[in-house]
Amino acid sequence: MSQQVLWEVVKGNNAFLVKRNGLTLSTDPFNNTGVQTYSSTGFITNNAIGVVPTQAKVNQINNVNLVTRKSTKFQQADRKTKNTQSVYASTLSVKHGIHTASRVIRKRFGTRRLGLQKAALRKLVNLNRANAVRRRNEIAATKAQKK
């Protein structure tokens, strides 16, 4: 089924849709902008990638997971085994920090969909900044407890 037909079917009613105060937002893990639009809805597109935060420890570098779509090989294998409840997404844990994650995002999008690539990189940077502030606050709290 084409992406346009899927969008027309799900744009008014889907599991990720949130309507509050006149705004239409999305909680889709592949949507990096949070806005319910055709271009940013990730569960419809084939090359979607989502940036989601993790619960990192105090001195841990890794603070993001990249959620990517599984290839059609996995989907075809699930159809053969009649596994209808599988989600066609896999989580990639970034072990070497923000630079590795940004490289993966750039390779995943390539030269296509530069707007979505910029949105994913922007979300990655914002999550990294928020995690740095959280780490500094936790380290300061542990130092204050030791005194």
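How many bridges join strand 1 to strand 2, and do the strands run parallel or antiparallel? I found 4 bridges between strand 1 and strand 2, and the two run antiparallel. I took two strands as paired if DSSP finds at least two bridges between them.

**Basis.** I worked from a predicted model, in which local features need pLDDT of at least 70 and side-chain atom pairs count only at pLDDT 80 or more, while totals for chains, interfaces and linings use all residues. Residues are numbered from 1 along each chain as its sequence is written, and side-chain values use heavy atoms, with hydrogens and water left out.

**Overall layout.** I counted 4 helices and 5 strands in the protein. These are DSSP runs numbered from the N terminus, with helices being H or I of at least four residues and strands E of at least two. Along the sequence I read the pattern α-β-β-β-β-α-β-α-α. Of the 147 residues, 33% are buried; buried means under 20% relative accessible area, exposed over 50% and partly exposed in between, with a 1.4 Å probe and protein chains only. I then looked up contacts, meaning heavy atoms within 4.5 Å. Among those between residues at least 6 apart in sequence, 49% join residues at least 24 apart.

**Confidence.** I noted pLDDT, the predictor's confidence in each residue from 0 to 100. The protein averages 77, and 76% of the residues score at least 70. Among the elements, strand 1 has the highest mean pLDDT (90) and helix 2 (residues 72–80) the lowest (55). Over residues 83–87 pLDDT stays under 50, and the model has 4 contacts beyond four places in sequence for them.

**The hairpin.** Strand 1 and strand 2 form a hairpin with 2 residues between them. Within it, I found K19 opposite T24 of strand 2. N21 sits in the loop between the two strands and is exposed, at a relative accessible area of 81%. I recorded a positive phi of about 50 degrees for N21, although N21 is not a glycine. Most residues other than glycine have a negative phi.

**S26.** I placed S26 in strand 2. S26 is buried, with a relative accessible area of 9%. Its side chain has a polar atom 3.2 Å from the backbone nitrogen of D28. Leaving out residues up to four places away in sequence, S26 touches F16, N31, G34, V35 and Q36.

**Aromatic pairs.** Which rings did I count as pairs? I used rings of Phe, Tyr and Trp (its six-membered ring) with centres within 6.5 Å; planes under 30 degrees apart are stacked, over 60 edge-to-face and the rest tilted. This rule gives 2 aromatic pairs. In one of them, the ring centres of F16 and F43 lie 5.3 Å apart and the planes stand at 45 degrees, so the pair is tilted. F16 lies in the loop between helix 1 (3–10) and strand 1 (17–20), and F43 in the loop between strand 2 (23–26) and strand 3 (49–53); the pair thus links distant parts of the chain, 27 residues apart. F16 is partly exposed, at 26% relative accessible area, and F43 is partly exposed at 24%.

**T54.** I located T54 in the loop between strand 3 and strand 4 (64–69). T54 counts as partly exposed, at 22% relative accessibility. T54 and L127 are 73 residues apart in sequence, and their C-alpha atoms are 9.7 Å apart in space.

Methods:
Polar contact = N/O pair within 3.5 Å; in protein donor to acceptor, adjacent residues only side chain to side chain.
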